[in-house]
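Subject: Structure for you to look at

Hi,

Here is the structure I promised to send over. Please open it alongside this note. My findings follow below.

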Amino acid sequence: ALALPAAVYMIQEQEVHAAEMERTFIAIKPDGVQRGLIAEIISRFERKGFKLVAVKLVVPSKEFAQKHYHDLKERPFFNGLCDFLSSGPVLAMVWEGEGVIKYGRKLIGATDPQKSEPGTIRGDLAVVVGRNIIHGSDGLETAKDEINLWFKPEELVSYTSNAQKWVYG
Ligand code: ADP
């Protein structure tokens, strides 16, 4: 094969990796923000080796909250849930990494904090289902939809994280 400079191979490898990379939408709900848990929660995703590609603090309108939770509109708690999500600042984020959708859900723990394992975010930091501090996309399609709902394409930051080559080898 044609000998290419090492730097070219490195770029090609990074591009291959980038193509495999999955993204998920993670939000710290108003209870997590008000309780001062932003740094604690971000730290868990960051230390794992996932890459932050977007973040903003927003107070969603009730209509926006209804869009975000549209799948749950038939549930009895839907109205209270949307009131709650729109009651204060939400830290909206996009995290990237291999398997980040499924593993993000693992880091978060079960929906009901009483059933979340210790060591998970909800297990360690929350007590009741209506105040479970964090949201994470539950699949590839919902991740895409939620990222598109909360972020404009130009808000997703494209950069090289030097840590990534040590995380993935
Ligand atoms: P998850 O957030 O774990 O994906 P769901 O999509 O089932 O869970 O529910 C969305 C959110 O609705 C939950 O995170 C929780 O805040 C709220 N919720 C779910 N079930 C209940 C319930 N029985 N009572 C009150 N709120 C609930």
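This is a predicted model. The ligand is surrounded by K29, Y69, L72, F77, L81, R105, T111, R122, V129 and N132. Sorted by type, this shell holds five nonpolar, two polar and three charged residues.

Where does the ligand sit? The ligand is in the largest pocket.

- T111: a polar side-chain atom lies 2.5 Å from an oxygen atom of the ligand.
- N132: a polar side-chain atom is 2.8 Å from a ligand oxygen.
- R122: here the distance from a polar side-chain atom to an oxygen atom of the ligand is 3.0 Å.

How much of the ligand's accessible area does the protein cover? On its own, the ligand has 530 Å² of accessible area, and the protein covers 74% of that.

A word on confidence. The protein has a mean pLDDT of 93. Of its residues, 88% reach 70 or more. For the complex, the predictor gives an ipTM of 0.98 and a pTM of 0.91. One caution when you browse: where pLDDT is low, the predicted coordinates should not be read in detail.

Best wishes

Note on methods
Residues are numbered from 1 along each chain as its sequence is written. This is a predicted model: local features need pLDDT of at least 70, side-chain atom pairs count only at pLDDT 80 or more; totals for chains, interfaces and linings use all residues. Side-chain values use heavy atoms; hydrogens and water are left out. A residue is near a molecule or strand if one of its heavy atoms lies within 4 Å of it. A polar contact is a pair of N or O atoms within 3.5 Å; within protein, one must be able to donate a hydrogen and the other to accept it, and residues adjacent in sequence count only if both atoms are side-chain atoms. Accessible areas come from the Shrake-Rupley method with a 1.4 Å probe; for residues, only the protein chains shown count as cover. On a 1 Å grid over the protein atoms alone, a cavity is a set of points where a 1.4 Å probe fits but cannot get out, and a pocket is an open set with protein on both sides within 12 Å along at least five of seven lines; lining residues have an atom within 4 Å of a point. A molecule sits in a cavity or pocket if more than half of its atoms lie within 2 Å of its grid points. Ala, Val, Leu, Ile, Met, Phe, Trp, Tyr, Cys and Pro count as nonpolar, Asp, Glu, Lys and Arg as charged, and the others, Gly among them, as polar. pLDDT is the predictor's confidence in each residue, from 0 to 100.
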